[in-house]
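Colleague: Could you take a close look at one helix for me and tell me which way it faces? Then please follow it into whatever it sits against, and keep going from there.

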Amino acid sequence: MINSILASSVSIMPKWFIKLFSKSYIAGHEPKEVINIVKNLNAQGFSTTIDILGEHIKSQEKTYSITKEYTQLYSDIAKNSVDSNISVKPTHIGLDISMGLALENFKKLIEKASENCNFLRIDMESSKNTDSTFEIYKDLFKTYPKVGVVLQAYLKRSIADIEMLAGPGFNARICKGIYKEDKNIAYQNPEDINKNFLEIAKIMLAKNSYVCYATHDLQLIDDIISLTKNMDADPSKFEFQVLYGVPMKGKLKNLLKSGYKVRVYVPYGPDWYEYSLRRLKENPNIAGYVIKNLFAKK
Ligand SMILES: Cc1cc2nc3c(=O)[nH]c(=O)nc-3n(C[C@H](O)[C@H](O)[C@H](O)COP(=O)(O)OP(=O)(O)OC[C@H]3O[C@@H](n4cnc5c(N)ncnc54)[C@H](O)[C@@H]3O)c2cc1C
């Protein structure tokens, strides 16, 4: 209830407040700033994935310039010898305009990733884009194997999707899902979502795929560890992923100490304001986290 009130009033929240929120979650505005943060995370033992903030771009020219910025990032990663790959939202590089444009831009990224022997993650957006995103993935995977997609545990269709996609060489991030989806297609109850998360993980492990567990849910992380142990999964075939800046109560250091791989998703870019507003409006729970974290830090 409080979260909903907060979320519905984000449009009138002062910019300084949104900036306060975004500061701990966003790694600056320039590539130089994000590379420095990545170096620091690498020094602490974390791998990273970099995302340029933005989505739903409606101008073809703009999608070309964003694609160029992403290709430059692959060069910066190589030049600085940092441990990072890249995560890209399809509507950031053209999917809202046409499938053809999105594919054209993704193919430029694949070419650059391949030149640098790096990996490309295609983020998953709302359910309107699920089918097109899998199509893009399948097309790219035919020419370059170091590409991966995302499965959202709140979507009821995800089990069927994973049954179809999983196999050796398949790499997916599993997350709960951030968008507001209808109850006909998405589980709303946290227990159902977590159950589905573990079920997807089980299928991927059984089919020898590479699994990325993206969650801050401490109990779910423990359940994942139990599952991997029960299934005798090789720790080199999975990793944990978290968003930059989310407090984890020492869990990440413990995961590293236990020998698990942990990757931090690091977003940056000048579009921090619009991004933060959209996130706050889309998911009222985030408003709650923000307030909780702001006070927790004091
Ligand atoms: C690496 C990564 C990549 C992702 N990629 C996608 C994607 O491609 N598509 C997509 O739909 N979603 C994506 N997500 C978001 C994901 O779907 C969830 O919405 C989000 O992670 C919150 O779910 P949770 O698993 O952390 O569990 P929750 O039960 O929501 O949260 C567990 C606890 O973590 C804390 N927490 C969670 N999120 C935050 C936050 N943002 N700020 C502060 N505290 C927080 C809260 O204290 C909460 O109690 C990604 C998440 C991660 C970690």
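Modeller: Ala 160, Glu 163 and Met 164 are exposed on one side of helix H7. Bear in mind that this is a predicted model. H7 covers residues 158-165, and its buried residues are Ser 158, Ile 162 and Leu 165.

What covers the buried residues of H7? The cover includes strand E4 and helix H8 (190-206). E4 takes us into the sheet. This strand, residues 147-152, runs parallel to strand E3 (residues 120-122), and 2 bridges join them. If you want to find that pairing on screen, look for Leu 120, whose bridge partner in E4 is Val 147.

Now zoom out a bit. E3 and E4 belong to a barrel that 8 strands close in the order E1-E2-E3-E4-E5-E6-E7-E8, with parallel pairing. On average, and ignoring direction, neighbouring strands of this sheet are turned by 30 degrees against each other. Helix H3 (residues 31-43) packs on the sheet, where it touches E1, strand E2 (84-88) and E8. The direction of H3 makes about 165 degrees with that of E8.

E8 is worth a stop of its own. All this strand's residues, 7 of the 7 in 262-268, are buried, so E8 is largely enclosed by the rest of the structure. Both of its faces are covered: on one side you'll find Val 262, Val 264, Val 266 and Tyr 268, and on the other Arg 263, Tyr 265 and Pro 267.

E8 also has strand partners to trace. Strand E1 (residues 47-52) runs parallel to E8 and is joined to it by 6 bridges. Ser 47 stands opposite Arg 263 in that strand. Strand E7 (residues 238-243) pairs with E8 over 4 bridges, again in the parallel sense. Here Leu 243 has Tyr 265 as its bridge partner in E8. To get from E7 to E8, the chain crosses through helix H10 (residues 251-257), and this β-α-β crossover is right-handed.

Terms used: Residues are numbered from 1 along each chain as its sequence is written. This is a predicted model: local features need pLDDT of at least 70, side-chain atom pairs count only at pLDDT 80 or more; totals for chains, interfaces and linings use all residues. A residue is buried if 20 or more other C-beta atoms lie within 10 Å of its own, exposed if 12 or fewer, and partly exposed in between; C-beta atoms are placed from the backbone. Two strands pair if DSSP finds at least two bridges between them. A crossover is right-handed if, with the strands pointing away from the viewer, the path from the first strand over the helix to the second runs clockwise. Axes are lines fitted to C-alpha atoms, for helices over the stretch in contact, and angles run from 0 to 180 degrees between N-to-C directions. Two residues are in contact if their C-beta atoms, placed from the backbone, lie within 7 Å.
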